[in-house]
Amino acid sequence: MRGPALSLAFEGRRPWHWMGLDIVMLNAFPDEATRVRAATLPAGLYADGIDVVFRRGSHSVQALKDCSLDIPRGSWATLIGASGCGKSTLLRVFADIVKPTAGTALLHGVSPAEARANRIYALVQQGSTMLPWRSIIDNVALGLEISGLPKSTRYARAEEALALVGLKGFEKSLPSELSGGMRQRAAIARALTLRPRFLLMDEPFGALDEITRDRLHFELLRILEETGATLLLVTHSISEAVILSDKVIVMTPRPGRISEIIEVDFGRGRTPDLRGDPRFVQYEAQLRRALHQPA
Ligand SMILES: Nc1ncnc2c1ncn2[C@@H]1O[C@H](COP(=O)(O)OP(=O)(O)OP(=O)(O)O)[C@@H](O)[C@H]1O
């Protein structure tokens, strides 16, 4: 059942779109036709032969060339590669922000546009926006406001998520009263409250200090395990990619292509001790080699 629409508008757009946030309902696919079709198509994230060409006047940039991937439902993948290799563009294809010039992208068997309309993913981008006039907890609970959950449940979940990202005590603060890293943690909390089927994250930890980042990695993994969500995350960090992935998707630039997919066999129940595991060092070395291969 769909929740009530919010009447709040900002610059002609709904506030959750303005915040770069797309709302998820776990019972997904309120649209019956999409639900029936989704049951017969590949689950997880799937891309086949994605090309993206950006055109401005006579100038064009081929951002992605023939990108194909298959990330099974409930598994975790990261996109890594040199600046400009198309990581964000590929993630944005799944988020229905960029339309591919060619190829097919599916989330749980449906197009990104249908996935967006049916609210089956949450998106966290670097520098995700908060509504400046709302307190942090009101911002975090906002994502749930359209889900139709009772207010007490929305705020209980928002409080829990804020505690998870280390922002307990800042519930009543305004976004302007927090540092950039704290606002980013609040944006992650906002996405986590939604318990999405797909979590699309574009360098979500980039602005955070190393200690917070390390802690959030394992909190994120715990939540992913609990909810069974599928993760696609863009990162520049080799260790982050190894810790957070079942598959590391290595990309090369000009044009952006997938050059290698490295399977990380750490399974579930990952803990910080993994960093001392000899296999962790081997995966890091393998990934470093893949990143330094000539395109
Ligand atoms: N909206 C756009 N219009 C035109 N060109 C774009 C647009 N978005 C991305 N590009 C170009 O597409 C290419 C891939 O960009 P993208 O942001 O996906 O790379 P990235 O791997 O995420 O880079 P970074 O690691 O620096 O964030 C770049 O050449 C970029 O300039």
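Which residues of the largest nonpolar core touch the most other members? I looked this up and found A189 and L200, in a core of 73 residues. I took a nonpolar core as a set of buried Ala, Val, Leu, Ile, Met, Phe, Trp, Tyr and Cys residues joined through C-beta atoms within 7 Å. I called a residue buried if 20 or more other C-beta atoms, placed from the backbone, lie within 10 Å of its own.

I noted that this is a predicted model, in which local features need pLDDT of at least 70, side-chain atom pairs count only at pLDDT 80 or more, and totals for chains, interfaces and linings use all residues. Residues are numbered from 1 along each chain as its sequence is written.

The core lies between domain 1 (45-120 + 196-292) and domain 2 (131-194), because both give residues to it. The domain bounds come from an automatic or database assignment.

I then turned to the ligand. Its shell consists of F54, V61, A63, G81, S83, G84, C85, G86, K87, S88, T89 and G256, each with its C-beta atom, placed from the backbone, within 6 Å of the ligand. The largest share, three residues, comes from α3.

Last, I checked confidence. The mean pLDDT (the predictor's confidence in each residue, from 0 to 100) is 84, and 85% of residues reach 70 or more. Over residues 1-29 the pLDDT is below 50. For the complex, the predictor gives an ipTM of 0.98 and a pTM of 0.84.

Notes. A residue is buried if 20 or more other C-beta atoms lie within 10 Å of its own, exposed if 12 or fewer, and partly exposed in between; C-beta atoms are placed from the backbone. Two residues are in contact if their C-beta atoms, placed from the backbone, lie within 7 Å. Helices (H or I, at least four residues) and strands (E, at least two) are DSSP runs, numbered from the N terminus.
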